[in-house]
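I opened this notebook to record what I looked up, one entry at a time.

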Amino acid sequence: MKHAFLFLLGTALLAACGDGKADAAKRMAAQADSAQAAAAATVDLAQFDVPLLLTAPDKQLTGGAAPTVLWKDEIGKLEVKAGDHFGLTIVEEPGDIARLKADLDRDLLKKNTVLKETPDLLVYKSEFPDDPSLVFVHFYQVMRSGDRSFVVEDVQAGMRFTEQDVERMAAAVEPKLPA
């Protein structure tokens, strides 16, 4: 009787352990779901003849708003907005960070401070000396895709951004790799 009980107990323990295939299948399905969600959150801007990819911001950060992409034909800009904390423009032109820095230095109306500078990105803060509540954080990014050059920057009319918003927007756009 003891031997039968021990045999049944051992068999039950081995059956409970399983071979791990079910757990592996669950993990693979979860990874596929997260990859699918990431692909859905990526917007291919090729439909606007812009070889860039936009990673949509988390909907928690945009108040649940999905990004809207609008081609402004009269000025040749692509505008992407999502909520109150995500707004950027993309225009095809050879960017010039040195020229922008020189323009910021010559600005007589605002005090401009460079917060971050890399060869392709400039993050700066503009302040009006007479009104400390008027502080704006901007970014200017030069992006190359193949033999084309684009300037990505924040929407500067009607929206205000924090440094975190600007960092998120600058990281949201990347060149589309050729197929």
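My entries below work on a predicted model.

**Entry 1: Gln 141**

I started with Gln 141, which lies in strand S8, residues 131-145. Is Gln 141 buried or exposed? I found a relative accessible area of 11%. The cut-off for buried is under 20%, so Gln 141 counts as buried.

Next I listed what Gln 141 touches, leaving out residues up to four places away in sequence. I got Asp 120, Leu 121, Phe 150, Val 151, Val 152 and Ala 170. The side chain of Gln 141 also reaches the backbone oxygen of Ala 170, at 3.4 Å.

**Entry 2: Glu 153**

I then checked Glu 153 against Gln 141. They are 12 residues apart in sequence and 6.1 Å apart in space, C-alpha to C-alpha. Glu 153 is found in strand S9.

Which side chain of opposite charge is nearest to Glu 153? I found Lys 77, at 4.5 Å. A salt bridge needs the charged atoms within 4 Å, so Glu 153 has none, although it is buried. Beyond its sequence neighbours up to four places away, Glu 153 touches Gly 87, Leu 88, Thr 89, Phe 139 and Tyr 140.

**Entry 3: the cores**

I looked up the largest nonpolar core and noted 26 residues. Leu 54, Leu 88, Ile 90 and Phe 139 have the most contacts inside it. Among the elements that give two or more residues to this core are strands S2, S4 and S5, and helix H4. H4 gives the largest share, 4 residues.

Leaving aside neighbours within four places in sequence, its contacts include Leu 121, Val 152, Val 166, Met 169 and Ala 170. I also noted a second, separate core of 9 residues. Leu 104, Leu 122, Val 142 and Val 151 are included in that one.

**Entry 4: helix H3**

My last stop was helix H3, residues 97-106. Which residues did I find buried there? Ile 97, Leu 100 and Leu 104 are. They sit on the same side of H3 because they cover an arc of only 60° around the axis.

I looked at the face turned away from that buried side. It carries the exposed residues Ala 98, Asp 105 and Arg 106. I then asked what covers the buried residues of H3, and the cover includes strand S6, S7 and S8.

Finally, I checked the N-terminal end of H3. Asp 96 caps it. A side-chain oxygen of Asp 96 lies 3.4 Å from the backbone nitrogen of Ala 98.

Terms used
Residues numbered from 1 in each chain as written. Predicted model: local features only at pLDDT ≥ 70, side-chain atom pairs only at ≥ 80, totals over all residues. Heavy atoms only, no water. Buried < 20%, exposed > 50% of the residue type's maximum accessible area, 1.4 Å probe, protein only. Contact = heavy atoms within 4.5 Å. Polar contact = N/O pair within 3.5 Å; in protein donor to acceptor, adjacent residues only side chain to side chain. Core = buried A, V, L, I, M, F, W, Y, C linked by side-chain atoms within 4.5 Å. Arc of directions from axis to C-beta. Lys, Arg positive; Asp, Glu negative; His and termini not counted.
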